[in-house]
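Work through the exercises below with the sequence and the model open. Try each task before reading its solution.

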Amino acid sequence: MALSSSLLQALTIALSSKYVSQSTRVAASTTCAALRQPALRQTLCHQGQRPARSQRRRGISKGLEAQALAGRSAATKLSGGSSSGGGGGSAVAWQPLAAQLDARRPEAAWKEFIQLLEQGILPPCELCDRLISVLCSARRFGDAWRVYAAVQPSGYCLQYNTYQALISQALKVGALESALEAFRDLQTLGLTPNVVTYCGLISALGRERRRGLRFAATAAELWDELAGSGAQLDAAAYRAGIKALVDVGRLKEADRLLQRMAAAGLPHDVRAYNSLLAGHARAANTAAMGRLMQRMVAAGVAPSAVTFNTLLDGYVRARDLEAARGVLAQAVAAEVALDAWSFTTLIKGYVQAGKLAAAETVLGDMAAAGVRPNHVTFTTLIDGHVRAGDMAAAQRVLDAMLAAGEAPTAVTYNALLRGYASKAAQAAAAVEAGAKLGSTSSTSSADGGSAAAAASAGASSGAAAGVPGAGLAAAAVMDAEAAPASPLSAALQLLTDMQAQGVHPAADTFNTLMAAAVGAGEPGLALELHQRLLRAGLRPDALTFTTLVKAHGRLGQVAEAAAAFEALLRDRSAAPDLRAYNAMVDALARNGDMAAAERMLGAACDWAAKQGLPPPVEAFGAVVAGYARQAAVGPAVAAVRRFHAAGGSPDAQMLDLLANVAIRAGDYKVAMQAVRALELIGREVDKGKYAALLEQARERQAGSGGGDGDSGRGHNRSWSAYQRRREARQRNVQLERFKFWLGLPNKYYSSDSESEFPSGDDWDEPEQPGPSRQQGR
């Protein structure tokens, strides 16, 4: 696979994109694009057609020069790129646009602008600047951004206030990436954003909590810029900085910033303390939480309801439910009103501890306190029952939620979908286990039928236990005479019902379904769901791209898997994690490109080391599985040893794979080591399974006439024949030892084992080539 090897060379550069310059990142993407088929090139172009930032910067620089020479009243001919003065024909063309702007008619001005673009004329910078400002004032950010995207390639440089208006409107509509682009373009012009702009962008980025996005890291980078700019910071700026640092785990710096805030003479603010307290709560550091509360009291800062809720969250994360109950009592003593979030956090603690009955009793506590449960309360309980595999109980809570007048949200549906996804994975595992059992027991057609029956039984056992009712998923219920719906079918029906109820699915919704499809052995369905995600106008995140890599890998589409991986690296808002690297290693190893898989494994290890993480067991396991498919015992053992030497602890799946491939290859010493290692990590070893594998392997060897070729009793005195006989006898010793450990009939300790093991002149050493033997005589 020369293609995937070349891709990996370019991808390895892109893997460290956050540590190298933008030019290196662009070069890596260009290299990959040159190797990719045209269809794949189109696949990666889903993010829009705006030029790269480096190109825009060059355009802005040229625009500055052009505007300095020609003034700001020239219109540009898009077809030829030439400019004409204000008195030319194009000037007449854009005069209606100027008239509509003077009359403050944004809709009419927008239509005039579109007509000019259709004629190949770009109005002068001043008019474009005014049009963007007018559209922003009219809260038409989408149209304003289209104008901005159209004028940027020409290098137009807008007024400072226009950039500010663009950024402000982008933040209001949640277009964080657009806000970032306008912010960086503003800096490229040599203009300095003010503190309010910085803080607004930092705060907006901090509110985006979806996994798989790097907005928190970007917020911290922006704070570092602001802190190093020397600008005068107010209390709001300090609060934004503390939260940005907390969100990326830089708690010591956040604490020092809180102290600097006090030293600057700014008033003590409970919100700043709450942000730092939230950081300690996420780390479940109850000691640090206690110390910070003492500092709050000493500073005369009264705790708020958010303070007590944050304390609750910290104790719940620390699995100290008794202390969490105590926080509720402290809030009552401080005369701070408890809210739904307070009780919901306690419910989450009981759910995580598996105490679902106790969790539901909290609903009674809420009623006694006069607090109404909200959708998060019910969703937390539903999620608890889903995690316990009790879909019937999850439906019961859903019915109670509807009876209480709380409408399910996308998060509620996502919790139910995870339940069906889990059952789909269990059904797929049962099918796979049944198929393996059938293939191990016999290769005959009769036993093949038994394998199919076992697979069918496994699939039936994983069927959905119940589809949420109350009209939400009634169509998922099959007729009594029909076969029960599969969990994956129930999940897809739930998606349909969710949309029918007017609840818009989120990216997490599709991510859950895509992962379920891959886990159920239907990677093609995962690709279809990805297209539905894009059609819904949702943006893929790191988990989306990772699942795409897995799906393409299962389908044998290595180049497409590499394209999805590169798209993740190129996406400035997505945050690649170890799961993406593991998926790419698996895609390569699964399709036999072990050289490329080894290189990607090295990249995964480097990434994990930079993040302070242990070596990735999933990536190493994928490499071991790849070698196992090729029956390559030596490389598989070497991979396990490298993993152990790097500080990793092989898991049961890795050791089981190693034992399987060793038995198939006749390397019983390695097989023995692998199963003994399974015992050492506390796993119960299925000796019957390994005995069946051993018997099957021995039958294949006997059927193929396997042997060392020199097993006759004749004395072949060649050195190579002697070596082969010796290796065969050593394998026999290891085989009998393995059979003894499995409890099978063996000759390891039997009196007649001499016929199996070397003795007498079988051990006579033959003459080796060369004169050395003659010297001994």
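**Exercise 1.** Find the partner of R239 in a salt bridge, and say where the two residues lie.

Step 1. R239 pairs with D269; their closest N and O atoms are 2.5 Å apart. A salt bridge is a side-chain nitrogen of Lys or Arg within 4 Å of a carboxyl oxygen of Asp or Glu.

Step 2. R239 sits in helix α13 (residues 235-247), and D269 in the loop between α14 (251-263) and α15 (270-282), so the pair ties together parts that are 30 residues apart in sequence. Helices (H or I, at least four residues) are DSSP runs, numbered from the N terminus.

Step 3. R239 and D269 are both buried. Buried means under 20% relative accessible area, exposed over 50%, and partly exposed in between (1.4 Å probe, protein chains only).

A note on the source: this is a predicted model, where local features need pLDDT of at least 70, side-chain atom pairs count only at pLDDT 80 or more, and totals for chains, interfaces and linings use all residues. Residues are numbered from 1 along each chain as its sequence is written, and side-chain values use heavy atoms, with hydrogens and water left out.

**Exercise 2.** Trace the salt bridge between E177 and R539.

Step 1. The N to O distance between the side chains of E177 and R539 is 2.8 Å.

Step 2. E177 belongs to helix α10 (residues 176-188), while R539 is in the loop between α27 (523-535) and α28 (542-554), so the bridge joins parts 362 residues apart in sequence.

Step 3. E177 is partly exposed at 26% relative accessible area. R539 is also partly exposed, at 31%.

**Exercise 3.** Which residue does R539 meet in a salt bridge at 3.2 Å?

Step 1. The partner is D571.

Step 2. D571 lies in the loop between α29 (558-570) and α30 (578-590), 32 residues from R539.

Step 3. D571 has 2% relative accessibility, so it counts as buried.

Step 4. Now look at a network: E107, K111, R140, D143 and R146 are joined by salt bridges that share partners. The structure holds 26 salt bridges.

**Exercise 4.** Describe α27 and what its buried residues pack against.

Step 1. α27 has 13 residues and reaches 19 Å from first to last C-alpha, close to the expected 18 Å. The expected span is 1.5 Å times one less than the number of residues.

Step 2. Its buried residues include P523, L527 and H530.

Step 3. The buried residues of α27 pack against α25 (487-500), α26 (507-519) and α28.

Step 4. Just after α27, G537 takes a positive phi of about 75°.

How values were computed: Helix = DSSP H or I, 4+ residues; strand = E, 2+ residues; numbered from the N terminus. Contact = heavy atoms within 4.5 Å.
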